[in-house]
Amino acid sequence: LTFTRRAAREMLQRSRTMVSTRVGGRRVMGGTFHSVANHLLRQHAAALGLPSSFGLLDASDAADVLDLLREEHGHAQSRTRFPKKSTLLEIYSRTVNSQRRLSEVVAELFPWCEEHTEAIATLFKAYTARKKTLGVIDLDDLLLYWRALTADEVIGPRLSESFSHVLIDEYQDVNGLQVDIVRNLRRHCRELTAVGDDLQAIYGWRAASVDHILDFTVHFPDATVVTLERNYRSMQPTLDVANALAAQAARSFPKQLRTKKEGGARPELVFCRDESAQAVEVCDRVLPRREAGL
């Protein structure tokens with residue numbers, strides 16, 4: 001399991017090659033969280049109360065349905081500014097994936113929408129009902145229904161036992177829903193490998209939280225932590241700066257990056273007025289080196 005199609009393709013290619021040569025070609029299944037969820041949901045659609053050929057709304061489709069409901073409920077003509085479809089979808093997705101109350105999400109991340117919290121809640125209920133009427137689900141529903149499968153008393157253990165091992169890449173980017181899925185999948189069968197870097201957690205805007213990788217040994221107390229400290233991309237002066245920054249983290253997995261590469265200049269800290277000035281600064285440094293044949 002991972003987060004991009006490109007990474008999924010590479011992981012599948014590598015693992016299938018290894019498995020086919022070592023354990024007689026046993027089947028490897030994988031992809032992004034959402035693609036695997038889509039595959040499993042279609043196998044168990046009836047148990048979930050979904051039509052066997054349910055449709056899938058992408059982000060654009062989901063926003064359009066919310067926009068239609070926004071108009072039907074009279075919010076398009078509201079005297080006070082009501083959130084537009086893109087904001088509504090963002091609020092909905094953040095609430096689902098973080099598994100927090102709508103009121104908390106709005107107050108913390110969308111405070112300009114607080115006066116509309118009750119109306120938004122009503123709209124989201126109508127959105128859920130409309131999807132059911134149309135026989136469709138959205139991308140967030142994929143994870144919700146997958147979690148429901150893993151939590152089911154009958155299907156959950158069978159699903160868990162069907163995977164001899166689970167490997168998850170970029171674990172620092174998982175959200176609360178995905179953590180629930182992983183914990184349920186490995187409730188009975190403990191074979192699990194999670195790869196990630198707590199200092200590369202950058203997807204908070206889509207409800208990911210670095211706390212999930214930092215709490216991995218709490219969720220899986222029998223886990224062994226293997227620290228990968230040898231870096232093959234950077235020179236040591238760059239890694240020295242990274243190590244100094246990492247040491248200031250209030251909470252992290254301790255690590256000291258090192259490399260076998262020799263040489264390299266110390267990084268410079270350059271203050272730029274804005275992104276445009278930053279782009280000019282980078283270009284002004286890259287172009288002369290390109291002309292010099294670097």
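Predicted model: local features only at pLDDT ≥ 70, side-chain atom pairs only at ≥ 80, totals over all residues.
Let me start with the length of helix H4.

How much of H4 is covered? Mostly covered is the answer, with 10 of the 14 residues buried. Those buried residues are Thr 87, Leu 88, Leu 89, Ile 91, Tyr 92, Arg 94, Thr 95, Val 96, Asn 97 and Ser 98. The elements that cover them include helix H3 (59-72), helix H5 (102-109), H6, strand S2 (136-138), helix H7 (139-151) and helix H9 (176-185). Just past the end of H4 sits Gln 99, which has a positive phi of about 55 degrees.

Now one of those neighbours, H6. Two packed helices are described by the angle between their axes and the distance between the axes. Here H4 covers residues 85-98 and H6 covers residues 117-134; their axes come within 11 Å and cross at roughly 85 degrees. Angles from 65 to 115 degrees count as roughly perpendicular, and H4 and H6 are therefore roughly perpendicular to each other. On the H4 side, the contact uses Leu 88, Ile 91 and Tyr 92. On the H6 side, the residues are Ile 120, Leu 123, Phe 124, Tyr 127 and Lys 131. By class, that contact has seven nonpolar residues, one charged and no polar. As for the spacing of such residues, an α-helix has 3.6 residues a turn, so residues three or four places apart point the same way.

Next, a loop residue. Thr 32 is placed in the loop between helix H1 (5-22) and helix H2 (33-43). Is Thr 32 buried or exposed? Its relative accessible area is 12%, and buried means under 20%, so Thr 32 is buried. Leaving aside residues up to four places away in sequence, Thr 32 touches Leu 1, Thr 2, Phe 3, Thr 4, Arg 5 and Ala 8.

Last, the chain as a whole. The protein chain has 13 helices and four strands. Its C-alpha trace spans about 65 × 60 × 40 Å along the principal axes. Of the 294 residues in the chain, 34% are buried. Among contacts between residues at least 6 apart in sequence, 69% join residues at least 24 apart.

Note on methods
Residues numbered from 1 in each chain as written. Heavy atoms only, no water. Axes fitted to C-alpha atoms, helices over the stretch in contact; angles between N-to-C directions. Helix = DSSP H or I, 4+ residues; strand = E, 2+ residues; numbered from the N terminus. Parallel < 35°, antiparallel > 145°, perpendicular 65-115°, else oblique. Contact = heavy atoms within 4.5 Å. Nonpolar A, V, L, I, M, F, W, Y, C, P; charged D, E, K, R; others polar. Buried < 20%, exposed > 50% of the residue type's maximum accessible area, 1.4 Å probe, protein only.
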